[in-house]
Amino acid sequence: MDLNTGPPRAGEKVGERAQMLQGQDATTKHPRIVFTSKARNQSVGDKAKRCLRNKLRILNWIGRYNVEWGINDAIAGITLGLTIIPESIACALLAGLPARYGLCSAFVGPLIYLFFGSIDKVIIGPTSLVALVSVQFTVGKPIEFAFMLTFLSGVVQLIMSSLRMGFIFEFISMPVIKAFSSATAILVIESQIKVLLGIKYLVAGLIESVETLFLRYGEANTGDLVMGICAIAFLVLFELLEKVADRGKGNRIWKVTCRYLSFSRTTLIVVITAIVSYVWLQSEPQVPYALSRNALSGLPNITLPVFTIETPEKTYSFWDMIAEMNVGIIVIPIIGILTNLSIGKLTPKGMVDTNHELMTLGLCNVFGSCFQSMPTSGAFTRYAISTACGLKSPMANLYSGIIVLLALVFLSPYFNYIPEATLAAILICSIFTLLDFKLPLRLWRESKRDFGVWVICFFVSVLCGVEVGLFVSLIINVAHLLYLWARPEISVKIQEVDDMQYICVTPGNGIYFPAINHLRAKVLKAAMQAEFQIPVVIDCHKVTGLDFTAAQGFVKLAGGLKCEDDEQSGGRSTEALLVLYRLDVSLQKLIDNVDNLVFCESPDKIREFLTQESLRNGFINLKEHIRASIDLGYKIDMEGES
């Protein structure tokens, strides 16, 4: 429809109007914009291309790739690759695995995310968060359990994606995510204290870990403690170089040097301490601190995860492994996708296709399990580095994956010289950024309910495990939403029209079966205070939904607007009128016909109903009724009246 056309003006012929419009179309400088639905005009080939682009996200940006993007991505990818190597080794040790398997987890995921990933600044790899939770389900079990957990996590993520279950994560609020991250940081830091002290044990849970630490405190090694403290001091000082580069007034070369020294601090400390260990071992039989071991060279074997594990004590079938890992096959996928979603919300767009991200992360884990990978996801530390390096696209995953592959092939034997205390220092410094205690202080001032959710999630996660804290917080959030659904905001006021009073009720949103009794109680209380003498008008313009139970609730409400108390009604029963104002016609069909229940769409119709009710109840006389009817535009037949 052309919005410029309309009915011809007085004295203007239709033909002349058409000729004038044709002349305007011929001489206009701005062509008329016509909006059409692309979906209707698409061919089968166009739909196939669109579907392919929705899955292979690389097709959406590879056509715009240029030299500038390539340089930025190469710098970011190489920097991230050098960073992810020591972090992967540290995460493997945190998960109770040899260092080699951390590196096996850091090259498959990035290569897959390059093609399917939808968040530019996500670099896939092992994380301390996932490693900490994973160890709770694989501790004391054969190493194959870790690979099976990776496989099952990917399968669960793929199933959730295919069933379009991404909406579930909308029930996890930001306070829950922040509390969850802070609690995890506390747990990771606590788990690495024993490494800094050189004490060897592996247990699940904070309480058990603290008890074991105190019982074995006498086994602490001074060499590990000195190495760990020196590594932490180095990392903290080099982290400050980034601030120096941002605030300093020196030349550009100095700023760039400081910035990249800061980004490469984890690689530098690993190289320095490994060189110290190597030199020490040339003259002494051993070093005074623990070294990481079992870093074999070469690429991992490509094979499916083992579905049957035989040990001297027991043979585990596939179903036995699922039973042993219990809820871990659900918790690990949720934690992994939560990290990616949180990173996606930090990007300028702040929007993430949750179902697609579930599919991508599922593919990373399923294929990663074939390369002896532990569960993987994005990481906040890698996000911070990628942002600072000016990363432009997921192409940085390619460079990062290549760096890790080269390290596996050529550098693995040298990883045996890395002190475990150095890796613990890397984990502590990287996870420390997740501690956020400013948010609860703000929530205390602005939102007590969100503060309570944060406190519950934080302490339950710390004391009972992050999976329990996440589950409890999810239940609290869902319960709160259900409460808001069952107890919507309802405004009840006494209003007047032409000196005629009525009870105006305005529900805040859709009225479904959990909320209808709440609405009825509010209305009946107001009607009882008015002794059922004035009508009730429910303004339904905000009601966008209604179910059968709620519709029957309106019928019962109309039946409840009656008073048969002789003392209140003067010996006669009274019945208040229920008016449903501006209720959608499609919803009206659900409500049965009742004598004292009517529908209306205009204020004039409400005035008419109020006049009739006032006349019936004797609040106005006949002459006032006739005058009011004339004012409303009705013809009153005066014949036969005297």
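User: Is Arg-607 buried, partly exposed or exposed, and at what relative accessibility?

Analyst: This is a predicted model, so read the value as computed from its atoms. Arg-607 has 24% relative accessibility, so it counts as partly exposed.

User: Which residue forms a salt bridge with Arg-607?

Analyst: Look for a side-chain nitrogen of Lys or Arg within 4 Å of a carboxyl oxygen of Asp or Glu. Here Asp-604 is the partner, and the closest N and O atoms are 3.0 Å apart. Both residues lie in helix α27 (residues 603-616), three residues apart, about one turn of the helix. Asp-604 is at 48% relative accessibility, so it too falls in the partly exposed class.

User: How many salt bridges does a search of the whole structure find?

Analyst: Ten. Another of them pairs Glu-446 with Arg-442, at 3.2 Å between the closest N and O atoms. Arg-442 has a relative accessible area of 48%, so it is partly exposed.

User: Which salt bridge links distant parts of the chain?

Analyst: Check the sequence separation of the partners. Lys-141 and Glu-324 meet through their side chains, 3.9 Å from N to O. They are 183 residues apart. Lys-141 sits in the loop between α7 (128-138) and α8 (144-162), while Glu-324 belongs to helix α14 (residues 318-325). Lys-141 is partly exposed at 23%, and Glu-324 is partly exposed at 32%. Lys-314 joins both of them in a network of salt bridges.

User: Where should I look for the nonpolar core, and which residues touch the most other members?

Analyst: In soluble globular proteins, nonpolar side chains tend to be buried together. In this chain, buried residues make up 48% of the 642 residues. The largest nonpolar core has 107 residues, and Ile-85, Ile-89, Phe-169, Met-325 and Ile-335 touch the most other members. Helix α9 (residues 174-197) gives the most to this core, with eleven residues. Apart from this core lies another, of 31 residues, including Ile-490 and Leu-546.

User: What is Ile-335 in contact with, leaving aside its neighbours within four places in sequence?

Analyst: Leu-129, Val-130, Val-133, Phe-180 and Val-466. For the chain as a whole, take contacts between residues at least 6 apart in sequence: 74% of them join residues at least 24 apart.

User: Which nonpolar residues form a patch on the surface?

Analyst: Leu-299, Ile-402, Leu-406, Val-409, Phe-410, Leu-411 and Tyr-414 do, with about 670 Å² of accessible area together. Leu-299 comes from the loop between α13 (265-283) and β1 (309-310). The accessible surface of the chain is about 33400 Å², and 60% of it belongs to carbon and sulfur atoms.

User: Do strands β3 and β4 run parallel or antiparallel, and how many bridges join them?

Analyst: Antiparallel, with eight bridges between β3 (residues 490-497) and β4 (residues 500-507). Val-492 stands opposite Val-505 in β4. The two strands form a hairpin with two residues between them. Asp-498 in the turn has a positive phi of about 55 degrees. As for side chains, in a regular strand they alternate between the two faces of the sheet.

Key
Residues numbered from 1 in each chain as written. Predicted model: local features only at pLDDT ≥ 70, side-chain atom pairs only at ≥ 80, totals over all residues. Heavy atoms only, no water. Buried < 20%, exposed > 50% of the residue type's maximum accessible area, 1.4 Å probe, protein only. Contact = heavy atoms within 4.5 Å. Areas by Shrake-Rupley, 256 points an atom, 1.4 Å probe, with all protein chains shown as cover. Pairing = 2+ DSSP bridges. Helix = DSSP H or I, 4+ residues; strand = E, 2+ residues; numbered from the N terminus. Patch = residues over 30% accessible without salt bridge, like charges linked within 9 Å, V, L, I, M, F, W, Y side chains within 5 Å. Core = buried A, V, L, I, M, F, W, Y, C linked by side-chain atoms within 4.5 Å.
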